[in-house]
Amino acid sequence: MSHLFTPLELGPLKLDNRIVIAPMCQYSADDGNATSWHTIHLGTLAQSGAGLLILEASAVLPEGRISPRDLGLWNDDNETALKTVLDQVRAWSPMPIGIQLAHAGRKASTHRPWEGGAQIRPDQDSGWQTRAPSELPFADHEQAPEPLSEDEIGELIEAFVAAAKRARRLGLDLIEIHGAHGYLLHEFLSPLSNRRDDRYGGSLENRMRLLLEVFEAVREAVPEMAVGVRVSATDWAADGWDLEQTVALAKALKARGCHFIHVSSGGLTPAQKIPVGPGYQTALAARIKAESGLTTIAVGLITEPEQAETLLASGQADAVGLARGILYNPRWPWHAAARLGATIHASPQYLRSEPYSARGLFKQ
């Protein structure tokens, strides 16, 4: 039996298989509101046969967007627009859908990648003042962020909770808290970006405090939902956030009832040196899973079904996350089932009523 196509439980959420579509920013929202592009994009992915689809990083505050065109979930208009998209997607797919809640911190207020991705300064059209743990810009040439006060940190936690409640009203199945890729919660974790001298800075315990407080508050607000965290397991830079600290964080999250950890890396500093290659982050996931016991999703250049199967069969992770690979091949899970001799249960609308063997659908 294929490990990739066995069920997996993420707290209260049961998945038919262990293929997770990881969050991917689309930079196509209108003032935080989902658009017709999201209907097309998510509708396609919802027909892929994956076990779970996680929506892109969605800002809990307008200033938490990476770009002015990022998805958001901070007001009623955002919620209504996303409901319209989700209603259309769900009409044709039973796939569980989650959402990643985020704040971009000092990496906010930027142009979209295909527009160069440069920072938009507060005095420029569509720009705003960024916020962060400390007055340290992501790159030396950028305008420095303003440090968050402790009162503002409390308001930030409330914003995550409010967005989580909106996600619950939308009928979403899962919440992933974004603590990776150099965005705000990761910035609090790393000593390279956090130079605070209050209870949110300095020691590892203090630097982990905000992410743990956000997790606890969200978990308490939506106890019936699966709630997990996306992390960068290492900054890939000297004196930064590293794997040992991530293991400590994972243990703390597990003790607080975290349902899963989604293991990525990097994104905090331009000085990073990432050894990119097939499955380059899987060893990080394996160490976290082994030492924390937390259900673990591995992601990063996992492109072949046999590669994913070996990763799970060897116990390095509990699930695999696909991003650009499933954009390239939106039927990746179906083709994987055919190659691995598995039966896929999450099916397109025309096969929705019962499971079918992928061997009967695709040539070998």
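Biologist: Which residues of helix 6 are buried?

Modeller: This is a predicted model, in which local features need pLDDT of at least 70, side-chain atom pairs count only at pLDDT 80 or more, and totals for chains, interfaces and linings use all residues. Helices (H or I, at least four residues) and strands (E, at least two) are DSSP runs numbered from the N terminus, and buried means under 20% relative accessible area, exposed over 50% and partly exposed in between, with a 1.4 Å probe and protein chains only. In helix 6 the buried residues are Leu243, Gln245, Thr246, Val247, Leu249, Ala250, Ala252 and Leu253.

Biologist: How many residues apart in sequence are the parts that the pair of Tyr27 and Trp114 ties together?

Modeller: The whole structure holds 2 aromatic pairs, where rings of Phe, Tyr and Trp (its six-membered ring) pair if their centres lie within 6.5 Å, and planes under 30 degrees apart are stacked, over 60 edge-to-face and the rest tilted. Tyr27 and Trp114 form an edge-to-face pair, at 6.0 Å centre to centre and 85° between the planes. Tyr27 lies in the loop between strand 3 and helix 1 and Trp114 in the loop between strand 5 and strand 6, so the parts are apart by 87 residues.

Key
Residues numbered from 1 in each chain as written. Heavy atoms only, no water.
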